[in-house]
Amino acid sequence: RKMMTGRGLDVEICVDGGIDVETAPRASAAGADILGAGTAVFRTNGEIGEAIERLRRATRAHKKVKRKT
């Protein structure tokens with residue numbers, strides 16, 4: 001993200017592969033705008049919607065913690 005912004009480029013950064021509730025917040029914190037999380041969503045024992053919501057919660061929780069520090 002810093003490299004793109006530093007060059008004046010307005011791009012969306014996508015991270016695809018290995019995204020789950022542990023890695024989604026880190027990718028987002030590093031500047032990712034789009035997360036490709038196929039395995040974490042489709043290879044779950046629960047509902048797909050629940051898996052997506054878990055990823056969203058993990059990412060939002062990380063952003064809230066980061067703002068406080």
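Gly38 is partly exposed, with a relative accessible area of 35%; buried means under 20% relative accessible area, exposed over 50%, and partly exposed in between (1.4 Å probe, protein chains only). This glycine belongs to helix α3, residues 38–42. Between the C-alpha atoms of Gly38 and Ile52, which are 14 residues apart along the chain, the separation is 10.0 Å.

The model is predicted, and local features need pLDDT of at least 70, side-chain atom pairs count only at pLDDT 80 or more, while totals for chains, interfaces and linings use all residues. Residues are numbered from 1 along each chain as its sequence is written, and side-chain values use heavy atoms, with hydrogens and water left out.

The term pLDDT stands for the predictor's confidence in each residue, from 0 to 100. Its average over the chain is 87, and 90% of the residues score at least 70. Confidence is highest in strand β1 (residues 14–16), at a mean of 94, and lowest in helix α4 (residues 48–68), at 80. Where pLDDT is low, the predicted coordinates should not be read in detail.

The chain has four helices and two strands. Helices (H or I, at least four residues) and strands (E, at least two) are DSSP runs, numbered from the N terminus. Read from that end, the order of the elements is α-β-α-β-α-α. Of the 69 residues in the chain, 22% count as buried. Contact means heavy atoms within 4.5 Å. Among the contacts in the chain with a separation of 6 or more, 31% are between residues 24 or more positions apart.

The largest nonpolar core has seven residues: Ile19, Ala24, Ala27, Ala32, Ala37, Val41 and Leu55. Such a core is a set of buried Ala, Val, Leu, Ile, Met, Phe, Trp, Tyr and Cys residues joined through side-chain atoms within 4.5 Å. Beyond its neighbours within four places in sequence, Ile19 is in contact with Ala24, Ala27, Leu35, Gly36, Ala37 and Ala40.

Ala37 lies in the loop between β2 and α3. It counts as buried because its relative accessible area is 14%. With neighbours within four places in sequence set aside, Ala37 contacts Ile19 and Leu55. Ala37 and Leu55 are 18 residues apart along the chain, and their C-alpha atoms are separated by 8.7 Å.

Ala32 is buried, at 12% relative accessibility. Residues up to four places away in sequence aside, Ala32 touches Ile13, Val15 and Ala27. From Ala32 to Arg1 the C-alpha distance is 7.5 Å, although 31 residues of sequence separate the two.

The most come from α4, which gives five. By type, the lining residues of the largest pocket are eight nonpolar, two polar and three charged; Ala, Val, Leu, Ile, Met, Phe, Trp, Tyr, Cys and Pro count as nonpolar, Asp, Glu, Lys and Arg as charged, and the others, Gly among them, as polar.
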